Structures are given as structure tokens and as C-alpha cells.
Amino acid sequence: MFDHPEFDGHETVVFSRDAASGLTAIIAVHSTVLGPAFGGCRFWPYEDEGAALTDVLRLSRGMTYKAAICELPLGGGKSVIMGEPGRDKTPALLHAMGRLVEGLGGRYIIADDIGTSLDDLAVMRAETSHTAATTAAAAQPLAVTAFGVLAAMEAAASSVLGRGDLAGLRVAVQGLGNVGQPLCEYLHARGAELTVCDIDAERTAGAEKDFAATAVAPDAIYEQEVDVFAPCALGAVLNDKTIPRLGAKIVCGGANNQLLSPSHDLALAARGITYIPDYLANAGGVIDFHQESIDDSPAAVLNAVTRIGAITADYLARAAASNETVLSLTDSQVRQRLADCGAKSP
Ligand code: NAD
């Protein structure tokens with residue numbers, strides 16, 4: 001465990017199997033230095049425990065970085081449940097998961113993620129109060145992650161391309177799910193020209209019809225001659241094979257863990273491509289969770305999420321001045337913040 005390539009000084013990793021309900025789950029608390037660890041619960045048919053562990057370690061670290069770069073009083077955590085949600089998800093299993101979260105005494109706050117829903121959290125609340133979505137606001141269907149990506153993209157288009165707005169901006173969106181679809185909607189409303197891909201033909205047809213998008217085959221998305229490439233599907237899409245093919249000047253999207261390895265940030269920079277760190281662009285959900293406890297009106301939540309644009313603009317300016325990449329600056333800022341706050345802890 002301690003030699004695992006994705007282990008990053010995680011505070012706590014809990015493995016649990018509940019024979020009665022069939023629950024097999026892992027909770028990873030990466031850091032509570034800045035506050036309780038917040039993060040979603042992914043219910044997924046992982047190939048094996050190794051794949052589940054890799055996922056939960058990586059994603060929980062990402063949650064720490066999202067909260068820290070947005071200066072929120074939250075840490076980073078994540079949980080995974082191994083199984084097929086359509087087949088394995090039962091009230092008994094959700095209760096067992098709730099008890100597992102309760103056992104951490106508030107150090108981990110569980111949220112919805114792929115394979116879990118707000119209704120599932122409501123079931124878990126019979127066992128624990130440490131869940132997201134406890135306010136009326138949480139039930140509002142706001143596309144906060146896409147809105148944050150939009151804010152980051154506006155800042156990048158202004159800084160890198162000198163654009164005052166997004167009219168005519170050419171954007172290639174990879175993946176038209178919960179993040180990519182509303183991102184297209186926001187971009188289309190602002191006059192951007194969209195190229196899209198998805199493995200689901202119905203989704204690309206929908207984008208062609210609703211947003212006048214041009215659909216391309218999934219593998220052709222990389223070489224589109226566009227201003228921005230927005231990965232909104234899978235992780236590790238920025239790698240040795242794809243970076244040489246990229247036709248975009250900026251990468252800014254919602255997917256988690258877009259770089260196959262940290263060195264790919266430099267590979268992008270070497271090609272003159274500006275990479276907006278994924279954990280900054282897609283931090284809308286964490287800001288949303290924090291904001292809902294302060295002012296849960298949709299306007300207040302979306303306004304809070306626009307901070308991602310201001311933060312992005314700030315780091316882009318610093319990166320230009322110091323000739324460093326945005327990621328190297330945001331990474332060091334997060335590490336510094338954790339070290340400063342960690343040093344103050346008793
Ligand atoms: P989703 O499952 O709703 O959508 C993903 C879409 O990508 C689907 O339409 C799928 O068909 C498509 N896709 C899958 N493989 C593809 C491929 N090879 N090429 C093109 N399209 C492909 O997922 P989502 O919630 O939209 O999340 C997308 C990404 O954003 C994930 O990496 C997720 O971890 C990250 N993310 C999501 C949120 C959120 O609020 N949903 C928040 C932060 C980060």
C-alpha cells in the first residue's frame with residue numbers, strides 16, 4: 001500500500017467488506033489539513049481491487065487539490081464501491097456504506113458521483129449525517145462543473161488569445177455527458193463554434209441539432225484545428241500519442257486526471273499549448289458544495305463558481321511573467337498551502 005504509485009501520503013485508507021449486504025468499498029481520505037475531506041462515491045464494476053484502489057487514491061488527491069486551489073475550508077477524499085450499480089445497489093448496501101462513512105466521524109463527507117445519486121445519499125443519511133446534498137439547494141439541477149470549465153475557458157481565451165468574449169471561439173469537446181453536454185450549451189449560447197465527439201451517436205446527433213456542432217469520430221478530435229480542446233470524457237487523454245496530434249492552442253476541460261503523467265504538462269508547453277489544470281477547471285462541484293451551506297440560491301452558487309475564472313486568470317498572468325506552466329504554479333501553491341496549514345495544526 002505505502003509503495004503504491006498513487007499513494008501520496010494519504011491520511012487514511014479504509015477497506016471494507018460487508019458480507020450481509022455485499023458491500024465491497026474503499027474510502028480514501030487524502031487530506032483533512034484544510035477541512036473535512038469532501039468527495040464523491042463512485043459505484044463502478046472495477047476489474048479488480050487494484051483498479052479500485054488506484055482510482056480512489058488518485059481521485060481523492062485530486063479533491064484535495066480542487067479545494068485547496070479554490071481556497072476552500074475542505075480537504076480531499078473519495079470512495080469507491082465495487083460492483084454494478086444497476087444490479088448490486090440495494091438499500092442494505094447503501095446503509096452499510098453510510099455506517100462506514102459514519103465510522104470516520106466526519107473526517108469524510110460523501111457526495112454523489114458516477115453510479116450514485118442524491119437519492120442514494122438520502123438513504124445513507126439514515127446512518128450518517130456526513131453526506132453532501134443536505135440543503136434544499138442541492139436538489140437544484142445546476143451544471144456547476146460545466147459552468148466552472150466555461151469560466152476557466154473564458155479566462156484562458158482572454159489571456160492566451162486576447163479575446164474579449166467567446167463569439168467565434170472554436171472549441172473541440174470530447175464527451176457529451178453530464179459535463180460536456182451543458183458545456184456545449186453554454187458555449188453555443190456565447191457564439192462559440194463547436195466540434196464534438198462521443199462514442200454515443202445519439203449524443204453527437206443531439207449536439208449537431210441543438211448546438212450546430214460538427215461531429216467527428218472519437219479519435220479524430222485531437223487533430224481538430226481549434227482554439228480550445230475540452231476533454232470531458234476520460235482521464236489520461238493527454239499523452240505521448242495524442243499531444244503531438246493536438247491542433248488546439250489551449251486545453252481546458254472537465255475530465256479528471258487528463259495528463260497521463262505530470263511530464264505531459266511540459267510536453268504540452270513545448271508545443272506552445274496552454275494547459276489549464278484539470279483540478280482547477282473542474283472544481284465547480286466543490287465550490288457548489290461549500291456555497292450551498294452559505295447561500296443556496298442558484299445565482300449565488302453560479303456566482304461563486306465564476307471564481308474559477310478569476311483564479312485561472314491570476315495563474316495565467318503569473319505563469320506568463322515567470323515563464324512557468326500554470327500547473328507548476330498551482331501545484332506549488334497547493335503544496336505550500338497544505339504545508340502552511342499543516343504546520344499550524346496542533
Ligand atoms: P458522463 O459519463 O456523464 O459522460 C462522459 C461522456 O463521455 C459520455 O457521453 C460517454 O459516452 C463519453 N465517452 C466515453 N468514452 C469516450 C471516448 N473515448 N471518446 C469520446 N467520448 C467518450 O461523465 P461526466 O459526469 O460528464 O464526467 C466526465 C469527466 O469529467 C470524467 O472524467 C469525470 O470524472 C469528470 N468530472 C465530472 C464532474 C461532474 O460533475 N460530473 C465533476 C468533476 C469532474
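Which residues are exposed on the other side of helix 7? They are Ala201, Glu202 and Lys209. Exposed denotes over 50% relative accessible area, buried under 20%, and partly exposed the range in between (1.4 Å probe, protein chains only). Helices (H or I, at least four residues) and strands (E, at least two) are DSSP runs, numbered from the N terminus.

The structure is a predicted model, in which local features need pLDDT of at least 70, side-chain atom pairs count only at pLDDT 80 or more, and totals for chains, interfaces and linings use all residues. Residues are numbered from 1 along each chain as its sequence is written, and side-chain values use heavy atoms, with hydrogens and water left out.

Helix 7 spans residues 201-211, and Thr204, Ala207 and Phe211 are buried in it. These residues lie on the same side of helix 7, because they cover an arc of only 70° around the axis. The arc is taken from the directions that run from the helix axis to the C-beta atoms. An α-helix has 3.6 residues a turn, so residues three or four places apart point the same way. The buried residues of helix 7 pack against helix 6 (180-189), strand 7 (193-197) and strand 8 (214-215). Contact here means heavy atoms within 4.5 Å. The N-terminal end of helix 7 is capped by aspartate 200. A side-chain oxygen of this residue lies 2.9 Å from the backbone nitrogen of glutamate 202. Alanine 212 follows helix 7 and has a positive phi, near 50°.

Helix 11 (residues 298-305) also has a buried face. Ala300, Val301, Ala304 and Val305 are buried there. Seen down the axis, they fall within an arc of 135°, so they line one face of helix 11. The face turned away from this buried side carries the exposed residues Ala299 and Asn303. Packing partners of the buried residues are helix 5 (144-161), helix 10 (284-292) and helix 12 (307-322).

Helix 10 is mostly covered, with seven of its nine residues buried. The buried residues are Gly284, Val286, Ile287, Asp288, Phe289, Gln291 and Glu292. They pack against strand 3 (37-44), helix 1, strand 5 (108-111), helix 5, helix 11 and helix 12.

Helix 1 (residues 49-69) contains serine 60. This serine is buried, with a relative accessible area of 0%. Its side chain makes a polar contact of 3.0 Å with the side chain of histidine 10. A polar contact is a pair of N or O atoms within 3.5 Å; within protein, one must be able to donate a hydrogen and the other to accept it, and residues adjacent in sequence count only if both atoms are side-chain atoms. Leaving out residues up to four places away in sequence, serine 60 touches His10, Ala28, His30, Gly76, Gly77 and Lys78.

Glutamate 6 lies in the segment before strand 1 (12-18). It is partly exposed, at a relative accessible area of 25%. Residues up to four places away in sequence aside, glutamate 6 touches Thr54, Leu57 and Arg58. The C-alpha atoms of glutamate 6 and arginine 61 are separated by 8.9 Å, although the two are 55 residues apart along the chain.

The second largest pocket has a volume of about 510 Å³. Of its 24 lining residues, Arg58, Arg61, Asn257, Leu259 and Pro262 are the closest to its centre. Helix 1, helix 9 (278-281) and helix 13 (326-344) are the elements that give two or more residues to the lining. The largest share, six residues, comes from helix 1. On a 1 Å grid over the protein atoms alone, a pocket is an open set of points where a 1.4 Å probe fits, with protein on both sides within 12 Å along at least five of seven lines; lining residues have an atom within 4 Å of a point. Grid points are joined across faces, edges and corners, and the volume is the space filled by probe spheres set on the points.

Asparagine 257 is found in the loop between strand 10 (250-251) and helix 8 (263-270). Its phi is positive, about 50°, although it is not a glycine. Asparagine 323 lies in the loop between helix 12 and helix 13. It too is not a glycine, yet has a positive phi of about 60°. Asparagine 323 counts as exposed, at 74% relative accessibility.
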